Amino acid sequence: MKVFLKHDDLKKLLEGIAREGRLFAPVKKDWYSGWARVSSMGEIVLRGEQAQLKGEEVNSREPAKVFVFPQSEVMFEFDEERAVEATEVPAVVVFGLRSCDGRAMAFLERFFVENRPEDPLVRQRREKATLIGVACNSPADSCFCTAVGGGPHERKGLDVLLREVNGGFLGEAETEKGEKLLAGFPAANEKDEAEAEKRRQEAEGKMALRIDLKRLKEVLDKGFNSPVWERLALECVNCGACTFLCPTCHCFDVTDETVRGKKKRSRVWDSCQFTLYSQHASGHNPRLNPAARYRNRVMDKFKYTVDMVGELSCVGCGRCVRVCPAGIDIRVAVAEILREEEAGKDGQ
Amino acid sequence: MGNNPYKPVPVRIERVTIENDARDLKSFDLRFVDEGEREKWNFLPGQFVFLSIAGVGEAPFGIASAPDEELLKFTVKRVGAFTTALHEMEEGMVIGVRGPFGSAYPFELMQKRDVLIVSGGFSFTTLRAVIVHILKKENRPNYGRLVVVYGARTPGELLYKEELRAWSKSPELELNLCADRVCGADFFAQGNEGETAVQEGLVPDILKGVKIEVGNAVALVCGPPIMLRYTHPVLKEMGFKPEQVFLSLENRMKCGIGKCGRCNIGPKYVCKDGPVFSFEELLRLPEEY
């Protein structure tokens, strides 16, 4: 059921959650926007309607995956050599994710939990989180969710999607958790629904890019040894920023520490762009060449995860486009990969 | 979180064996601290585990013991921080283990067939498990000939010397040992009282001299990349088809369950889809190992 929340109603709902200390939302952190616990609505950085928005004004720089897969987390502590549970995961309500991050959550759930054996840490965190998404009405220039099968008003992976209209939000639940949250709000009327639909169409209209995903997959299936990778990777400095800010990148390193005699095992984000990531103990490295590492990332997003779990792992959030210090744009890369294959055909 | 695949269970080091003169290869025989834990461990040779030392870390190792052996055996070369810490541990001390992970050698396919084992260096560990498993009295009739070609840089670098001595006198298998260099003074190299002498030569060259009815055989191959490169042409020459040849790979890994990313060969994870692959499968995958 679709419900209507006046701006004030939403404010009250969120303030109630914030009072319990469970509300997380995008805020300004030094020079970037990321996720933090908020106590008042004024801290939340979430803009919807202004024209000419830059990427960070539309979506947080830090991906929302931090709520199911934090940058660093203690997996467990040790009692002698026996692993004992670390502290329990707290229940959180996350407000202000965009649909791309919602889709990324669905991917992570598929990859970590449904794809057996399950990762109990991700499952627990997802169970304890309620995700309230806010639809995008003004995507940034770097956004391209519609080109990879998503949309600015998509609900997938979220518990609730809020779509801003005149005077408030249209609320739609995607899960039982979401239904509980929206219980008690009045039903939306047709006028509001029509307006939300109009805004969705306008937002989608702002993203012109189209990618023939089926053809891209076919090209990548045969394209491991294509000369395109060396060329595309020339500018890449293998800094790994794209992988850290990617909402679906799931790689991690495992590391131990001893603090005041207490031994802990943690996991921490890692990146396929780093040399050590794949280096054997013998020193041998299957992906020693930077181009091989760049290729691995693009292949993973558009081919490998499709082969593994049946889903693309690019959600079109545009973060890698916005943060790359070398100005590499994955949309351009994809176009180049397809063009290379066309050129190859001409040459035959 | 009762079934957390990241959590190690404690094992006591029952026996430490120094395997070579350089003393950088040690075998550890481990016994589970918790009663009943051993019964939960159903594995087949080829699979691997993570060994863990609290506060130091963990690393993956192939299981060198056969399923029916009471203790779990691992042979570890000292190369990095974890293996150095492990080498410093003594009998009686407790470490952690989690697993078993990954795929095993193709025992169903191997039924009633001749089994050719080709191994170089300290990759012999999981293949030792295969040999012990096949040599078990109840299992032996299920397989044809068992032919082993095993080489190292020097005779002293060969693992499990006592077992090699015993096997070389056994009619149940045909053992071909070799080393890149054989020093005449090495007692083990000479062979003694009917033991197999260690031949001087590289694994692929010794393999050329092996007679086997290829149509009814399966080859299990494990070794350093350079050995593999020169072994494949020999196997091909002998008549082995790619689907009859199985390799055990090792890529860097952290989780063992296909989540942490790094061990992928294209869209396959070595930890989950491997570590044992048929050569036919590998030919279809990019060379990322």
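I will start with the interface: 33 residues of chain B are in contact with 35 residues of chain A, where contact means that the C-beta atoms of two residues, placed from the backbone, lie within 7 Å. On the side of chain B that touches chain A, strand S4 and strand S6 (94–101) each supply at least two residues. S6(B) gives the most to that side, with three residues. By class, that side of chain B has 16 nonpolar, nine polar and eight charged residues. Here Ala, Val, Leu, Ile, Met, Phe, Trp, Tyr, Cys and Pro count as nonpolar, Asp, Glu, Lys and Arg as charged, and the others, Gly among them, as polar.

A word on the model. It is predicted: local features need pLDDT of at least 70, side-chain atom pairs count only at pLDDT 80 or more, and totals for chains, interfaces and linings use all residues. Residues are numbered from 1 along each chain as its sequence is written, while chains are lettered from A and ligands numbered from 1 in the order in which they are written.

Now the chain as a whole. Chain B has nine helices and 15 strands; these are DSSP runs numbered from the N terminus, helices being H or I with at least four residues and strands E with at least two. Of its 289 residues, 47% count as buried, that is, with 20 or more other C-beta atoms within 10 Å of their own, C-beta atoms being placed from the backbone. The C-alpha atoms of chain B fill a box of roughly 55 × 45 × 35 Å along the principal axes.

Next, the sheet. Six strands of chain B form an open sheet in the order S4-S3-S6-S1-S2-S5, with antiparallel pairing; two strands pair if DSSP finds at least two bridges between them. The edge strands, S4 (57–62) and S5 (72–77) of chain B, each pair on one side only.

Which strands does S2(B) pair with? One is S1 (residues 9–18) of chain B, joined to S2(B) in the antiparallel sense over seven bridges. Within that pairing, Arg15(B) has Asp29(B) as its bridge partner. S1(B) and S2(B) form a hairpin with six residues between them, and Arg23(B) in the turn has a positive phi of about 60 degrees.

Another is S5(B), which runs antiparallel to S2 (residues 25–32) of chain B and is joined to S2(B) by six bridges. There, Lys26(B) has Val76(B) as its bridge partner, and Ser27(B) stands opposite Thr75(B).

Note on methods
A residue is buried if 20 or more other C-beta atoms lie within 10 Å of its own, exposed if 12 or fewer, and partly exposed in between; C-beta atoms are placed from the backbone.
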